[in-house]
Structures are given as C-alpha cells and as structure tokens.
Amino acid sequence: MAVVICAAGVSSRLAGSGGGLKKEYRPLPGRTDGLTVLGATVRAFLVVPEIEIILVVVPDDPVTGEAAARKAIPPEFLARKVGPPIHFVKGGKTRRISVFNALSILPEKFLGRLDARSYVLIHDGARPWTSPAFIKRIIAEVKKHPAVVPLLPLTETPKETTLTLDGSFGAEPVYVKQHLRRACVGVSQTPQAFAFPEILEVHKMAAERERVMGIEFTDDAEIWGIFHGLVAAVPGDPANRKITFPSDLS
C-alpha cells in the first residue's frame, strides 16, 4: 500500500500571508513544538501499518522544492529505520500531472512488488488533521471497492451556474443553470483510494484527453469515474479539513 501526498501547489490563495511561505511548510495552528502542516500530514500515515511507502510530491523549484519540504518534516521522520520510507517526487504544472508523476515511479520504488492487489492512497498535503483511524477506514473500504472517495454531506443548497465562480462576481451576469438536490451532493475529501494498476492507466488516458481537448482534470475520483467506472462513496470526517485560506490557519 502506497500513499501519494500532494504538496506541489503554489498556495496562491494564501498569497501575502506568512511571508509567502507555502501552506504545507507553515507551522500547524495550535501547536508549540513547531510541527508543520506537511509534518503532521506525513505523521498520520507513518503510524498506519498497511502503508509501505510515502511519496511526497513537491514543486519543481529550487526554493520551494525538495529541500524546503525536507525542512518542513521532522528529521526523525526522515531518518526512521522502521516503517514506510519517504521519497520526494517533482510535481508538474497541474495537480493531475503531479499525481501522475508519483504514480509513474511507484513500480520502480516498490522494486517490483506491485501487483493486481496493490492499492494507492492520494492525499492533499494541506489536510493535516487526517487521523490514522480515518486512513485505516479508507484502506478497509478500498479492499472492497477498487475506487473510494470520502464525502461529507452539504449543509447548504448548491447551485450550478452559467459562469465559473472564483470568489467574486464580475460585470457579466451570472445565472443559476441548475438547482441541485442537496441530499444527493457531497463534498469530497482525501485520502482517495484506488487499485494501483487501474489508477495509473486512467491517469494516462486523462493525460491524452487533456492534450487533445485542452481541458484539465483536478480530481482523481473524477478521472476514475470518466475513464474506468464507479467510485464508491464512503463517509468523510468533518475534522479532516483542508487548509485553503489564511483563516484556516488561525
């Protein structure tokens, strides 16, 4: 069982806060020991016995890349003689490319131990409050279903609009295109879990679709659903929050 931790983004929505430091490299709120967001995220997977290898995807950048990521992870985590080794992978221009980069090197890192019964978890590096118990529950579910995504129910009614909403409304009118049923819509979390051979193949298909059609896929469960089949939805964890805005760090 492998885990890919995605930490290759630029944290644009936190720009101007914290001196420009990537959110994954910042101190975790409420702690006094200096543990960072990325350090807490890695720690949750280190203590799960089923995890055999951890791949941390970092920016392909001399300032925010592997060296900075290593500084954000406690040295005792990196120097462990038992448990899953931690490897660093250079990310790409998009999240999908970054995940694909990690998936592509897994056979090499596993030294041929990957087979049809292998699974991979894909997790946001900015979800530091993921618990080992929650991870174990996702692992148990993916052994029943080849693709799993944790979902939280919505508390407000969603609407699909005619224009993409980026947090502000411009001069062009925005209209509601579809009134969605709240009871049938959920908010996805990570880790998402997949059978390894299949998730690697569907990422290859997504890469080709992006190349031909000029689109961008941002969610691994979406890619599986489009190119392979059904994704099992399991209950998410309200505590498993993602850090996106400066207020999430307060």
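This is a predicted model: local features need pLDDT of at least 70, side-chain atom pairs count only at pLDDT 80 or more; totals for chains, interfaces and linings use all residues.
Me: Why is the pair of Phe217 and Phe227 called edge-to-face?
Reply: The ring centres of Phe217 and Phe227 lie 5.7 Å apart and the planes stand at 75°; since rings pair when their centres lie within 6.5 Å, and planes over 60 degrees apart count as edge-to-face, the pair is therefore edge-to-face. Phe217 sits in the loop between helix H6 (196–213) and helix H7 (220–227), while Phe227 belongs to helix H7, 10 residues apart.

Me: What makes the contact of Lys22 and Glu24 a salt bridge?
Reply: The closest N and O atoms of Lys22 and Glu24 are 2.8 Å apart, and the rule asks for a side-chain nitrogen of Lys or Arg within 4 Å of a carboxyl oxygen of Asp or Glu, so the contact counts as a salt bridge.

Me: How do you know whether Lys22 and Glu24 are buried or exposed?
Reply: Lys22 has a relative accessibility of 5% and Glu24 has a relative accessible area of 4%; because buried means under 20%, Lys22 counts as buried, and Glu24 is buried too.

Me: Why does Arg211 count as exposed, whereas Glu208 is called partly exposed?
Reply: Arg211 has 60% relative accessibility, and exposed means over 50%, so Arg211 counts as exposed; Glu208, with a relative accessible area of 38%, falls between 20% and 50%, which means partly exposed. The side chains of Arg211 and Glu208 meet in a salt bridge, 2.6 Å from N to O, and both residues lie in helix H6, 3 residues apart, about one turn of the helix.

Definitions and conventions
Residues are numbered from 1 along each chain as its sequence is written. Side-chain values use heavy atoms; hydrogens and water are left out. Rings of Phe, Tyr and Trp (its six-membered ring) pair if their centres lie within 6.5 Å; planes under 30 degrees apart count as stacked, over 60 as edge-to-face and the rest as tilted. Helices (H or I, at least four residues) and strands (E, at least two) are DSSP runs, numbered from the N terminus. Buried means under 20% relative accessible area, exposed over 50%, partly exposed in between (1.4 Å probe, protein chains only).
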